[in-house]
Every structure is written in structure tokens, then in C-alpha cells.
Amino acid sequence: MDPRGKNVWITGASSGIGRALAVSLAEAGARALVSARRADRLEETVAACRAKGAKADALPFDLADVTAVTGAAIQAARMLAGVDMLVCAGGVGMRGTALDTDSAVARRVFEVDFWGTVELARAVLPAMRARGSGQLVVVTGVLGKFGAPRRSFYSAAKHALHGWCDSLREELLGTGIEVTALVPGWVRTEISERALENDGMPHRKTDPGQRRGITPEECARRAMPAIVKGVPEQLIGGIECGSVYLNRIWPGLFRGMLRRRGIG
Ligand SMILES: NC(=O)c1ccc[n+]([C@@H]2O[C@H](COP(=O)([O-])OP(=O)(O)OC[C@H]3O[C@@H](n4cnc5c(N)ncnc54)[C@H](OP(=O)(O)O)[C@@H]3O)[C@@H](O)[C@H]2O)c1
């Protein structure tokens with residue numbers, strides 16, 4: 001969907017990829033409503049969007065709180081007089097192990113990364129369906145295409161998002177709603193510093209893969225044509241994106257490389 005003149009709601013917009021997408025969409029002529037929990041950081045995103053000449057507002061809420069999610073959807077519809085495009089970039093990373101991560105931490109990753117996005121989309125898309133147009137953009141990631149050590153619940157939540165988006169896209173054929181999954185590789189954001197360890201404490205380190213990643217602005221720049229064209233799925237990143245194809249055609253070789261090199 002061409003974002004010019006459209007009402008776009010972006011989650012995860014207080015930092016990283018969500019923030020960069022909000023600014024790019026604002027620059028492309030969208031009116032932006034930006035969400036996350038940190039209100040002060042959202043105001044910075046609002047200012048950056050307004051600096052591009054766009055109308056922009058903030059709506060803070062917690063994706064892990066389903067009541068807050070449905071309440072925010074009602075408020076967003078009022079603030080924007082209808083949401084034309086929902087961009088779901090809110091998410092939390094993990095650096096815990098598959099067996100020893102505290103169950104509450106594992107469930108939190110799913111609450112934010114899977115259920116937060118899914119419940120929000122389920123609250124927003126019926127109005128798009130009634131209008132006969134709209135777009136859902138979901139930021140998943142290459143770990144939604146393969147698993148890796150210390151990423152189990154994150155990877156599982158992102159795989160689940162891919163399955164849900166693929167099903168939804170088929171169900172919405174002919175309704176005028178496009179479903180676009182953006183699949184970044186490594187992007188230099190706060191995600192690994194804030195990722196949850198076994199006990200729920202933040203990892204507090206930027207992993208080497210992340211450090212070598214593209215900038216969030218570059219990620220948004222490459223995402224924009226996919227958003228405008230409404231492509232079903234778009235890989236965005238460096239050589240790590242090739243891993244998705246390698247894993248599909250030669251999984252043994254891929255696993256060997258993963259074991260030798262780690263994931264970054
Ligand atoms: N960076 C990468 O290499 C990479 C690769 C593939 C996919 N991704 C995905 O890209 C998306 C954006 O991540 P990022 O890399 O840009 O990291 P980031 O800078 O840490 O951004 C994460 C965003 O999600 C928001 N968020 C986290 N928990 C939330 C909650 N409970 N409720 C509401 N908002 C919440 C954060 O805001 P608040 O803390 O203010 O709430 C922040 O705006 C995520 O879905 C991530 O999985 C990232």
C-alpha cells in the first residue's frame with residue numbers, strides 16, 4: 001500500500017526497527033501513530049516523524065497485557081479515524097536455554113512476540129475487512145525460519161507468527177487486505193541488550209552478529225518497497241539471510257555451519 005495520506009499505526013516504535021519504519025512511513029506521507037511502553041522515547045519518534053512534515057502522535061501500551069491491547073485498538077481507531085496500515089514491530093529477544101529458562105520468562109516472550117501482535121491484529125483488522133482495504137505488516141526475523149541456541153522461545157514465537165500470517169493471508173484473499181511479513185537478519189538495535197536471560201534479567205550485551213548488522217534506517221529503507229508493493233514476505237539483511245535458503249535446500253550443511261560459527 002502506498003503510505004501517502006494513509007493512517008499508519010506502528011508498534012515497537014520507541015527504538016530500533018519500529019522507530020525507523022515510523023520515520024520512513026512519515027517521510028513517505030503517512031500519518032503516524034506510534035506505540036511501545038517507553039513514553040519518553042515515543043515522543044522522540046513523534047518529533048522525528050513531525051520533522052518529516054507528517055502528523056504524528058503517541059499511544060503507549062504494553063503488548064503483553066491483552067486488555068491494554070484491545071483498549072489501545074479502540075483508542076487508535078478514534079485517534080486516526082480508522083487504521084489503514086498496522087505495522088507490528090514490537091518484540092523482545094531472549095538469551096535463555098530451552099530447558100532452563102524460567103516458564104514465566106518463556107511465556108512472556110510468547111505473550112509479547114506472538115500474542116501481542118496477534119491480538120492487536122485481531123482487534124484492528126475487522127474494521128479493515130469491513131472497509132475492503134488495509135495492510136498488516138509484521139516484523140518476524142530469520143529466527144522465524146530456523147532455530148538456534150539460546151533463542152528457543154523467541155524462535156518458536158517467530159515461527160508461530162509466520163504460520164499465523166501465512167494462514168491469515170490466504171483467508172483474507174479478495175478482501176483488499178495485504179499481509180506482509182518483514183524478515184530481517186541482523187540489525188543493530190537494542191534487541192540483544194534487552195533480551196531476556198533464563199531468569200528474565202536483561203542480557204546487557206550487544207552480540208557480535210548484531211554489531212555487524214545493518215542499521216535500523218537501512219532496514220526500513222529496504223522494507224519500504226516491500227510495504228508499498230504488499231509483498232507477502234521480504235528478507236532484509238546481509239549474508240545471514242542466505243542461511244534461510246541454505247537451511248531449506250541443504251539443512252545438514254547449514255547445521256554444521258551454525259555449530260562451527262554460532263549465530264553471531
Ligand atoms: N535487531 C535484529 O537483529 C532483529 C532481527 C530480526 C527481527 N527483529 C525483530 O524486530 C522487531 C523490533 O526489534 P528491534 O531489533 O528494533 O529491537 P528494539 O530496539 O529493542 O525494539 C523493540 C521494540 O519493541 C517494544 N516492546 C518490547 N516489549 C514490549 C511490550 N511488552 N509492549 C510494548 N512494546 C514492547 C520496545 O519498546 P518499549 O521497551 O518502549 O516497550 C521497542 O520499541 C522485534 O520484533 C524483533 O524481534 C529484530
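Predicted model: local features only at pLDDT ≥ 70, side-chain atom pairs only at ≥ 80, totals over all residues.
**Close-ups of helix pairs and a ligand site**

Residues are numbered from 1 along each chain as its sequence is written, and side-chain values use heavy atoms, leaving out hydrogens and water.

**View 1. Helix α9 against helix α10.** Here α9 (residues 242–249) packs on α10 (residues 251–261) at about 130°, and their axes are 5 Å apart. Axes are lines fitted to C-alpha atoms, for helices over the stretch in contact, with angles from 0 to 180 degrees between N-to-C directions. Helices (H or I, at least four residues) are DSSP runs, numbered from the N terminus. Look for S243, L246, N247, R248 and I249 of α9 meeting P251, L253, F254 and M257 of α10 (contact means heavy atoms within 4.5 Å). By class, that contact has six nonpolar, two polar and one charged residues. Ala, Val, Leu, Ile, Met, Phe, Trp, Tyr, Cys and Pro count as nonpolar, Asp, Glu, Lys and Arg as charged, and the others, Gly among them, as polar.

**View 2. Helix α1 beside helix α2.** The axes of α1 (residues 16–27) and α2 (residues 39–51) are 8 Å apart, at an angle of about 25°. That makes the two roughly parallel. On the α1 side you'll find R19, A22, V23 and A26, which meet E44, T45, A48 and C49 of α2. Sorted by class, this contact has five nonpolar, one polar and two charged residues.

**View 3. Helix α3 and helix α4.** Now α3 (residues 66–80) and α4 (residues 103–131) cross at roughly 35°, with axes that come within 9 Å. V66, V69 and A73 of α3 make the contact with G116, E119, L120, A123 and V124 of α4. The tally here is six nonpolar, one polar and one charged residues.

**View 4. Around the ligand.** Of the 31 residues around the ligand (a heavy atom within 4 Å), I17, R37, Y154, T189 and Q210 come nearest. The side chain of Q210 has an N or O atom 2.5 Å from a ligand oxygen atom. For S15, a side-chain N or O atom is 2.8 Å from an oxygen atom of the ligand.

Definitions and conventions. Parallel < 35°, antiparallel > 145°, perpendicular 65-115°, else oblique. Polar contact = N/O pair within 3.5 Å; in protein donor to acceptor, adjacent residues only side chain to side chain.
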